[in-house]
Amino acid sequence: VRPPAEAITSLGWVVGVIALVILVGVEAAIVYAAWRFRATRAEGVPLQIYGNTRLEVVWTAAPAVVLTVVFVLMLGTMQEIGASATAAGGPSGAMRIVAVGSQWWWEFRYPRGGGEVIGANELHIPIGTVIDLDLRSNDVIHSFWVPELGGKIDMVPGRINHLRLYAARAGVYTGQCAEYCGLEHAWMRITVIAEPSADFGHWLDAQAAPRAPPTGAAADGERVFLAAVCSSCHAIRGSGAASLVGPDLTHVGSRLTLGAGALRNSDQTMRAWIADPQSAKPGVLMPQVPLSPSDLDKLAVYLRSLK
Amino acid sequence: VSVAAITPFVRRVGQATSTTWLRTVDHKEIGILYIAMGLIFLAIGGVESLVMRAQLATPEARLVDPETYAQLFTMHGVTMIFLGAVPLLVGFANYLVPLMIGARDVAFPRLNALSFWLSLFGGVLLYFSIVAGGAPDAGWFAYPPLSDRPYAGRGVDYYVMGLLVNGAGTIAGAVNLLVTILLLRCQGMSISRLPLFVWMTLVTSVLILGAYPALTGALVMLMSDRLLGAHFFSPAAGEPLLWQHVFWFFGHPEVYIVILPAFGMISEIIPVFSGKPIFGYRFVAGSSVAIAFLSFSVWAHHMFAVGLSPAENVFFSAASMLIAVPTGVKVFNWLATMMGGRIRFQTPMLFAVGFIAVFVLGGLTGVSLAVVPLDLATTDSYYVVAHMHYVLFGGTVFAIFAGAYYWFPKMTGRFLSERLGRWHFWLTFVGFNLTFLPQHWLGVWGMARRMWTYAADTGWGPLNLVSSIGAAILAVGVALFVWNIAISLRSGAAAGADPWDGWTLEWATTSPPPPENFEVVPIATSKRPLWDRKHPELRDPS
């Protein structure tokens, strides 16, 4: 299989070159006419030509022929990339991952055994496997778009759409919510980590596990987490916090970014994010929770420890 | 520019009173009111876009907050389409159509005045939102559920009410122009002799009558959802995509509503400044009818990513591609008109030729957006922003500038300054391309529309900076235009009745024309009655 993004790109080149040839031709004709036929001092009436039916037929038919070629090429590419957002699918053996858009973050649910593993804002996929992404929304319309992996398909509340992804090479791919979805549409970024199957399997096993029991400052941090309002929105499996209003934080320490791509994940940014989420991502639905500096430290240590 | 400041130059001195402009039912004065309204809102929408370009010039900037940014792009879109482009084009049509067909006025002068005041009041209502709790912030196409409760605030109510009122004016205006063109043509002015600007106005009026009621219906449903607790678009009991279908059933013909009259202006200006009749009159006129028909069956190309069936996507893709054929026909005919001509490059012609040069790129990227897989890669990105501005700015606004330089002498009796006009053109041409060309790449690389900022690690900074610098140059160009109007009204060179050696009937009367338009009712001896008078040996055979 060829990755959908490659199929789209090669179609883009064909259409782009055709368009460029036409563009250059028309611009050249404009420049030629403007220069060759500019009024000079020699006055007089130019020849009055009212039209030419044969020419009209030619320049009606010629673009129609070019467009027919583009149309036929398009049908082939649509077939190849599975541009049917309505049907679940992809070839047999496709891995089905559920992606849910919410203001302004992403939830991903991976199948494992009979159940599922929940992650947020960072999509891991095995390379060389066709992924059938099952797109849903919790609130308004979002659109899932990772340009290097494929086109975009909207997440419409009340519907389930599908997008086929395929990564041939391991790497980190970034994307973006493409449909305006409210204040923080801009900081609704997507990180896709494509890795070899075995690595993906290990990662999924680790994500499936509950959080490791915390020790030291981290244990204090967990108490802060449960005592403050954090647990009314966030789940940390193993801690007792189970709300899925906001992103699942069971393994938040393992993620590359915070706030759906607003900050790189580090000890400093974790603390800064909890202390004042509005400053990094104005409008984010996460409230600023009043915490003492020492509680803040412990909470940040705890969350960073959740690898 | 206040209305009062223009008054003395269009009315005969001594006739004007302070309430003349409020009471007028003269199509020429109403036309000028529409044009003044359009220019003022064009300036407001332009300032909104400049704030956005300043915000986006550098990554992670904090010049405005996300809420302000959302209000800016929403108001920019609504303003430019409904309060800028449409009133400007309707204004030119109001002024020119009766003159071009040798009529005394439009068919329903009082309705004409009502249309204008409704359009303006709709705009005022929309802007009143700013002091009534915040401007609308759900984008100009206001997709529910985001535009519905609880996500959007009061602003969207003003969006709904403002566009309902504005739309009522636009619909009434279209009825008026349609009846005028069909019934008030002077002797000899058969449909096949109509100036192409009038032809385009005719087609546009039909489009308005087909498209605007759909918008009205959509707005009433949205208002019912928001204020009465209905569920047309709610995901639980209704269907959010219903809005998109109805909105774009209006929205795509709307694109042609604001481009066909522009085509009409270009089709008047290029022949006159080339010294040749339009090449293939019947094909230029007929292709517009084709565009009008097709425009009602392409709306879902705005929706390729929402999850329609492949069959639906393929149908709308084919229909959208087809529109390129009649559009291409026009471009080829304009070029053929220039070929072999004797081209005078005064400012109207500069803008007309500039129009073709940039519009072609917008047309070609439009075809790429009709190709489903390419649309899935580029829709809702800056590629679409670039495409749309190549069509609406490079197309419509360039044509409006061309038309402004061309017909200003008719409306005021004075020329706009050629020297300032040239500066205006070149700054606009360079600034426009610098602003919007880079956005094609930004979109392909992954920059979505309507982002209030973007991360530094995306690498989008340099091209965004180029785009913002382009916008600044563009702003200087447009400021020169405003300045040009201001000084030319007072001290522009006297123009006379027929300053460009024109052919259509508006040049057969004084500049500005008397209230009754023509002292003697003219007769259309051909498509080019004035040409026949000037060149009896080379009479236009049509």
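Predicted model: local features only at pLDDT ≥ 70, side-chain atom pairs only at ≥ 80, totals over all residues.
Over all chains, the structure holds 20 salt bridges. One of them is formed by the side chains of Arg96(A) and Asp134(A), with an N to O distance of 2.5 Å. This pair links distant parts of the chain, the two residues being 38 residues apart. Arg96(A) lies in strand β1 (residues 95-102) of chain A, and Asp134(A) in strand β5 (residues 131-137) of chain A.

Arg189(A) lies in strand β10 (residues 189-195) of chain A and Asp457(B) in the loop between α15 and α16 of chain B, so the pair joins two chains. On the chain A side, Arg189(A) counts as buried, at 11% relative accessibility. On the chain B side, Asp457(B) counts as exposed, at 54% relative accessibility, a value over the 50% limit for exposed residues.

Within chain B, a salt bridge is found between Glu418(B) and Arg422(B), with the closest N and O atoms 3.7 Å apart. Both residues lie in helix α15 of chain B, and their spacing of 4 residues is about one turn of the helix. Both are partly exposed: Glu418(B) has a relative accessibility of 25%, and Arg422(B) has a relative accessible area of 35%.

Helix α15 (418-445) of chain B also contributes to a nonpolar patch, as does α16 (461-491), each of these helices supplying at least two of the patch residues. The patch lies on the surface and is formed by Trp426(B), Val430(B), Leu434(B), Leu465(B), Val466(B) and Ile469(B), which together have about 490 Å² of accessible area. Of these residues, Ile469(B) lies in helix α16 of chain B. Ile469(B) counts as partly exposed, at 45% relative accessibility.

The structure holds 7 cavities of 30 Å³ or more, and the largest cavity has a volume of about 100 Å³. This cavity is lined by 13 residues, of which Val90(B), Leu177(B), Thr204(B), Ile208(B) and Pro261(B) are the closest to its centre. Four helices of chain B, namely α4 (66-100), α6 (155-183), α7 (196-228) and α8 (240-274), each supply at least two residues of the lining. By residue class, the lining of the largest cavity divides into 9 nonpolar and 4 polar residues, with no charged residue.

A further residue of chain A, Arg164(A), lies in strand β8 (residues 161-165). Arg164(A) is partly exposed, with a relative accessible area of 23%. Between Arg164(A) and Lys298(A) the separation is 134 residues in sequence and 42 Å in space, C-alpha to C-alpha.

Methods:
Residues numbered from 1 in each chain as written. Chains lettered and ligands numbered in written order. Heavy atoms only, no water. Patch = residues over 30% accessible without salt bridge, like charges linked within 9 Å, V, L, I, M, F, W, Y side chains within 5 Å. Areas by Shrake-Rupley, 256 points an atom, 1.4 Å probe, with all protein chains shown as cover. Salt bridge = Lys/Arg side-chain N within 4 Å of Asp/Glu carboxyl O. Buried < 20%, exposed > 50% of the residue type's maximum accessible area, 1.4 Å probe, protein only. 1 Å grid on protein atoms, 1.4 Å probe; cavity = no way out; pocket = protein on both sides within 12 Å on 5 of 7 lines; lining within 4 Å. Points joined across faces, edges and corners; volume = space filled by probe spheres on them. Nonpolar A, V, L, I, M, F, W, Y, C, P; charged D, E, K, R; others polar.
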